[in-house]
Amino acid sequence: MEPLPVIFDCDPGKDDSLALFVALALPHVIDVLGITTVAGNVPVEHSSHNARRIVEAAGRHDIPVYPGCARPLLRHAVTAVDVHGTDGMGGSGLPDAEHPVEDFHAVEALAGFLEEASTPLTIAAIGPLTNIALLISLRPDLVPAIGQLVVMGGARKGGNVTRNAEFNIFADPHAARIVLAGKVPATIVPLDVTRRILPPQEWFDAMEGYGEPGRAVAAMWRESPVALHDVTVTGLLAWPELYSLEACSVDVVWNDTGTLGRTVFSGEDGPLSVVKRVDQRRLADRVVEAMETYVASP
Ligand code: BDR
Ligand code: CA
């Protein structure tokens, strides 16, 4: 089978970095065409810089990085520097990037990839959905070229940034409402699935031996652990047999301050899919196996 062509739209971000390191370690399964960045966990200058540090540490100098939207569509920017550190990859020890930043805006780059694609592309969206909302608003003609959009975001119950909302959706609820309206074939990996995936201590001990990417991951998680949210998207692309899904519709609350960013799931015959369950243990094992690829790197 040919590897799946994928663009990652992200806001690295500790867990974004693991999602990217794992994807970049599996070129026979996932063909990362490019990385687009967005403001989210940190301002977009930092998320772009981190994406460049990540491809460099992974030895993948062939991957272009395109900086995207610096603020949400309508609301003021919120960050998660308390979780990810002020530079977004707190404690990683990765050097500043020499990898260039591309001259094209992320939204233009996404449109360009979709225009040129000979087969439908997958977009893995692991940050706020600002770039994706602009893409589908500006270029609805390109929606059929999106084979699937896999989104880490939302929650069937609860939240992590407020009692009602998950960070990626809360950070740009208006964009999320546009993207998850049902016109784009999206699969959602919600917080109530990802927040349970907290790796054990041995996991980090193993990471220490896996080159610069492994050491960076171990150091970041030792500084302050986060759940394996975003790598759950990479996992769904690489190992779908570990996941069970159901059809759904999603309504995103955008006009009520108290519940802003809440995702209301309904409809067993809706146009979207949501992950119900993931085999956490096997996912954590596969992530470690993928990272082992970096064992021979500096
Ligand atoms: C999501 O929010 C961010 O802080 C993480 O990178 C992840 O994408 C989890 O709610
Ligand atoms: Ca993220």
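**View 1. The largest pocket and its lining.** By class, 9 nonpolar, 6 polar and 7 charged residues make up the lining of the largest pocket, where Ala, Val, Leu, Ile, Met, Phe, Trp, Tyr, Cys and Pro count as nonpolar, Asp, Glu, Lys and Arg as charged, and the others, Gly among them, as polar. The model is a predicted one, in which local features need pLDDT of at least 70 and side-chain atom pairs count only at pLDDT 80 or more, whereas totals for chains, interfaces and linings use all residues. Residues are numbered from 1 along each chain as its sequence is written, chains are lettered from A and ligands numbered from 1 in the order in which they are written, and side-chain values use heavy atoms, with hydrogens and water left out. On a 1 Å grid over the protein atoms alone, a pocket is an open set of points with protein on both sides within 12 Å along at least five of seven lines, a cavity is a set of points where a 1.4 Å probe fits but cannot get out, and lining residues have an atom within 4 Å of a point. The largest pocket has a volume of about 330 Å³, a volume being the space filled by probe spheres set on the points, which are joined across faces, edges and corners. Of the 22 residues that line this pocket, Val-83, His-84, Asn-160, Phe-167 and His-229 are the closest to its centre.

**View 2. Ligand 1 in the largest pocket.** The space taken by ligand 1 is the largest pocket, a molecule being placed in a pocket if more than half of its atoms lie within 2 Å of its grid points. Helix H1 (14–24) and helix H6 (167–171) are the elements that give two or more residues to the shell around ligand 1, helices being DSSP runs of H or I with at least four residues and strands runs of E with at least two, numbered from the N terminus. By class, this shell has 3 nonpolar, 5 polar and 4 charged residues.

View 3. An N or O atom in the side chain of Asp-230 lies 2.7 Å from an oxygen atom of ligand 1, and one in the side chain of Asp-16 is 3.0 Å from an oxygen atom of the ligand. For Ile-126, a backbone N or O atom is 3.1 Å from an oxygen atom of ligand 1.

**View 4. The largest cavity.** The largest cavity has a volume of about 50 Å³, and its lining divides into 6 nonpolar, 2 polar and 2 charged residues. Among the lining residues are Arg-71, Pro-72, Thr-130 and Asp-172.

Note on methods. A polar contact is a pair of N or O atoms within 3.5 Å; within protein, one must be able to donate a hydrogen and the other to accept it, and residues adjacent in sequence count only if both atoms are side-chain atoms.
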